[in-house]
Amino acid sequence: NGKTLEVQEGAKIHFHDGSGIIVTQNASIQVNGSLENPAVFEGDRLEPFFAEVPGQWGAIWLTSGSVNNSMNHAIIKNAVIGLYVQDSPIDLDNVQIYNSSNFGIMAQTGAINGFNVVVNNAGQSTLACTIGGNYTFTHSTFANYWNRSYRSLATVILDNTYETTSGVLPLYANFENCIIYGANSLELS
C-alpha cells in the first residue's frame with residue numbers, strides 16, 4: 001500500500017507460473033520504457049518454444065484504489081490476463097499486449113486513457129470494459145486471431161452499465177482512429 005513501482009527502459013521482468021504484480025490501495029506502477037528499449041513483462045520460460053505460449057503467468061492487476069498508474073513503451077506477453085484494471089486509472093502510451101490466454105485487458109469500473117495501444121490474440125477478448133468506467137483509446141488496434149481453442153466472445157466487449165444499490169454505474173467509451181478486427185463474424189459486442 002502507498003508504494004510506487006518504477007520500471008525503467010530496457011527492463012525485462014519475468015514471472016513464474018501463477019505469479020504477477022498486484023498494485024493496491026494508494027500504490028502505483030509507472031513503466032518508463034522507450035521506443036528503442038521497451039520494458040518487457042513475460043514468463044520465465046525463455047526457450048524458443050515458449051516465445052508465444054499464452055497463460056504462462058497471471059496478470060498485472062491494478063486493484064481498487066491504486067493511483068497514478070502509467071505505462072509508456074511496454075510489452076506484456078503470454079499472461080492469463082495482460083492487464084486487469086479494477087476501479088483504478090491508468091494511462092497507456094505505446095503499449096503492446098500479446099497472447100493472453102483469457103483477456104488482453106480486462107477493466108471493471110476502470111479509467112483507461114490509451115494511445116497507440118496494440119492488443120492481439122486472447123482466448124476470450126482482447127479488451128473487455130465491464131461494470132461501467134471511462135475508456136478512451138486513440139490510434140489503437142484490437143485484433144484477435146486466437147487459434148488455440150474455440151473463442152466465442154468478441155474481440156472488444158463493452159458492458160455499458162451496472163446497477164448497484166446506490167445507482168447505475170455508466171460506461172463511457174471512445175475509440176478514435178482505432179482498428180477492431182478478428183477471425184469471428186462479430187468482433188464488437
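What follows is a conversation about how the labels were assigned.

Modeller: One caution comes first: this is a predicted model, in which local features need pLDDT of at least 70 and side-chain atom pairs count only at pLDDT 80 or more, while totals for chains, interfaces and linings use all residues. Residues are numbered from 1 along each chain as its sequence is written, and side-chain values use heavy atoms, with hydrogens and water left out.

Colleague: What makes N78 buried or exposed?

Modeller: Buried means under 20% relative accessible area, exposed means over 50%, and partly exposed lies in between, with a 1.4 Å probe and protein chains only. N78 has 1% relative accessibility, and therefore counts as buried. N78 is placed in the loop between β7 and β8, where helices (H or I, at least four residues) and strands (E, at least two) are DSSP runs numbered from the N terminus.

Colleague: Which residues is N78 in contact with, leaving aside its neighbours within four places in sequence?

Modeller: Contact means heavy atoms within 4.5 Å. With neighbours within four places in sequence left aside, N78 is in contact with F50, A51, E52, V53, P54, G55, Q56, W57, Y98 and N99.

Colleague: How do you know which strands pair with β6?

Modeller: Two strands pair if DSSP finds at least two bridges between them. Strand β3 (residues 21-23) is joined to β6 by three bridges, and these two run parallel; β6 and strand β8 (residues 79-86) also pair in the parallel sense, over five bridges. W61 takes part on both sides, as the bridge partner of I22 and with Y84 as its own bridge partner in β8. Strand β6 (residues 57-62) is mostly covered, five of its six residues being buried.

Colleague: Why is the contact between E42 and K77 called a salt bridge?

Modeller: A salt bridge is a side-chain nitrogen of Lys or Arg within 4 Å of a carboxyl oxygen of Asp or Glu. The side chains of E42 and K77 meet at 3.6 Å, N to O, and the pair is a salt bridge. E42 lies in strand β5 (residues 39-43) and K77 in strand β7 (residues 69-77), so the pair ties together parts that are 35 residues apart in sequence. E42 is buried, with a relative accessible area of 14%, whereas K77, at 21% relative accessibility, counts as partly exposed.

Colleague: How many salt bridges are found in the whole structure?

Modeller: A search of the whole structure finds three. Among them is the one between R45 and E47, whose side chains meet at 3.0 Å, N to O; R45 is partly exposed at 40%, and E47 is partly exposed at 36%. E187 forms a salt bridge with R151, with the closest N and O atoms 2.8 Å apart. E187 lies in the segment after β17 (179-182) and R151 in the loop between β13 (141-144) and β14 (156-158), so this pair ties together parts that are 36 residues apart in sequence. Both E187 and R151 are buried.

Colleague: What makes the rings of F15 and W57 a stacked pair?

Modeller: Rings of Phe, Tyr and Trp (its six-membered ring) pair if their centres lie within 6.5 Å, and planes under 30 degrees apart count as stacked, over 60 as edge-to-face and the rest as tilted. The structure holds seven aromatic pairs. The rings of F15 and W57 have their centres 4.1 Å apart and their planes at 15°, so the pair is stacked. The pair links distant parts of the chain, with F15 in strand β2 (residues 12-15) and W57 in strand β6, 42 residues apart. F15, at 6% relative accessibility, counts as buried, and W57 counts as buried at 0%.

Modeller: F142 and F175 form an aromatic pair that is edge-to-face, at 6.0 Å centre to centre and 85° between the planes. F142 is in strand β13 and F175 in strand β16 (residues 167-176), 33 residues apart. F137, F142 and F175 form one aromatic cluster.
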